[in-house]
Amino acid sequence: MTGTSGSRSSRVRVLIVDDEPALTEVLSVAVTEAGWRPYPAPDGHSALRIARGCAPHAVVLDGMLPDLDGVQVLRRLRYENPRLPVLMLTARDAIEHRLDGLEAGADDYVTKPFSLEEVVLRLRGLLRRAGGERLPTDDSVRVLGDLVLSGETRELRRAGEPIQLTAKEFDLLTLLLDHPRQVLSKAQILDHVWSTSFDGGGNLVEVYISSLRRKIDRGRAPMIHTVRGMGYAIRPVEDGR
């Protein structure tokens, strides 16, 4: 899910780190409605990979994650960006954990259950206090699972590993990432990437899809899928679990 684009506020990127999909979804909706762009991460390792790719302006971080402790994630994020605003989510009875988070450098915290309005207000305050820093201008970062593509630098990473793309591979992957989970026909791909619908173009699409698969999916859980008789779609790995 991504926010709107075009205004300065739409360039604000918020990393949301929580292992509860329903909570991540509603937080993403709230962030989008605030005019910002959400980047959800289901665990600590994913959060660190996505943060390196999208350079968030603020982070909403759950204190309890399935792999790394929230405080560990906070310390690593702060090591890479000492002034990154971080809002911690904590359980109402987790006073010791809350204190650990604040001691590790969290700027603020909210306790569960919380209102979405409170989270947005707290984030807005943190962003306002950090407003003296120049916001990154790359509004073209696309993130899906552990795949991070930057339109400004034309860099692609999966699980933190750089992947080299040709110009047309980049254009094709950008189209797929602009329509996550959506099946795109060969005709749609030809029209958007090659601006043509010439006969035999389907083979061209197959060649480039195969090339992307070799680079992105080889040795990893696949993200690019063929929907027989319909076209191609890109999906995060967790969709297939």
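Student: In which strand is the place of Asp62?

Tutor: In this predicted model, Asp62 lies in strand β3, which spans residues 58-62. The UniProt record, an unreviewed entry, places the feature "modified residue: 4-aspartylphosphate" at Asp62.

Student: Why is Asp62 called buried?

Tutor: The relative accessible area of Asp62 is 4%, and buried means under 20%; therefore the term applies to Asp62. Leaving aside residues up to four places away in sequence, Asp62 touches Val17, Asp18, Asp19, Gly70, Leu89 and Lys112.

Student: Asp146 is found in the loop between β6 and β7. What makes Asp146 buried?

Tutor: Its relative accessible area is 19%. The cut-off is under 20%, so Asp146 also counts as buried.

Student: How do you know that the side chain of Asp146 makes a polar contact with the side chain of Arg158?

Tutor: The distance is 3.0 Å, and the definition requires a pair of N or O atoms within 3.5 Å; the pair therefore qualifies. Beyond four places in sequence, the residues that Asp146 touches include Arg49, Arg157, Ala159 and Met223.

Student: Which residues of helix α7 are buried, and what puts them on the same side of α7?

Tutor: In α7, residues 186-194, the buried residues are Ile189, Leu190, Val193 and Trp194. They cover an arc of only 100° around the axis, which puts them on the same side of α7. An α-helix has 3.6 residues a turn, so residues three or four places apart point the same way. Ser195 follows α7 and has a positive phi, near 55°.

Conventions:
Residues numbered from 1 in each chain as written. Predicted model: local features only at pLDDT ≥ 70, side-chain atom pairs only at ≥ 80, totals over all residues. Heavy atoms only, no water. Buried < 20%, exposed > 50% of the residue type's maximum accessible area, 1.4 Å probe, protein only. Helix = DSSP H or I, 4+ residues; strand = E, 2+ residues; numbered from the N terminus. Arc of directions from axis to C-beta. Polar contact = N/O pair within 3.5 Å; in protein donor to acceptor, adjacent residues only side chain to side chain. Contact = heavy atoms within 4.5 Å. UniProt positions renumbered as here; feature names shortened; annotations may be inferred.
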